[in-house]
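Please examine the sequence and the structure shown here before reading on.

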Amino acid sequence: MNRSDVILELQLVPELLKQAEAIYVDAVSELAWAKHQLLAKECEVIGDGMVTGKNELQRQAEMWPYTKDLQQQVLRMEDAVEHTKVEFHFYKRKLENLQIIAKLMTIL
């Protein structure tokens, strides 16, 4: 990697990092909303008296038909958050490495 490559990358990577961070923040926000919807559905099911189980396992089993889709959505969104986090951290490390390389080039 020569000096002009490093300069070009140092100009491009911050914007890529910004985009990756925005996608990550959006994914976290969507996950929080999905969890809120799941909690609201659970409260609705309990409030309507559809759950009467004596222990936690019975209550979960009774609630499953009403919340299955929302629980799956939350799991998919948790997975998406993790994938976007990987991308964000990749660009963050890349920028840090480029900055170190640039400093080393000035020393050499």
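Apart from its neighbours within four places in sequence, Thr-84 is in contact with Ile-23, Tyr-24 and Ala-27, where contact means heavy atoms within 4.5 Å. Thr-84 belongs to helix 2, which covers residues 56–107. Its relative accessible area is 14%, so Thr-84 is buried (buried means under 20% relative accessible area, exposed over 50%, partly exposed in between, with a 1.4 Å probe and protein chains only).

The model is predicted: local features need pLDDT of at least 70, side-chain atom pairs count only at pLDDT 80 or more, and totals for chains, interfaces and linings use all residues. Residues are numbered from 1 along each chain as its sequence is written, and side-chain values use heavy atoms, with hydrogens and water left out.

The protein contains two helices and zero strands; these are DSSP runs, helices being H or I with at least four residues and strands E with at least two, numbered from the N terminus. Among contacts with a separation of 6 or more, 79% join residues 24 or more positions apart.

The table lists overall values for the protein.

| Property | Value |
|---|---|
| Radius of gyration of the protein | 23 Å |
| Box filled by the C-alpha atoms, along the principal axes | roughly 75 × 20 × 15 Å |
| Share of the 108 residues that count as buried | 20% |

A compact globule of 108 residues would have a radius of gyration near 13 Å; the radius is taken over C-alpha atoms, and the globule rule is 2.2 Å times the number of residues to the power 0.38.
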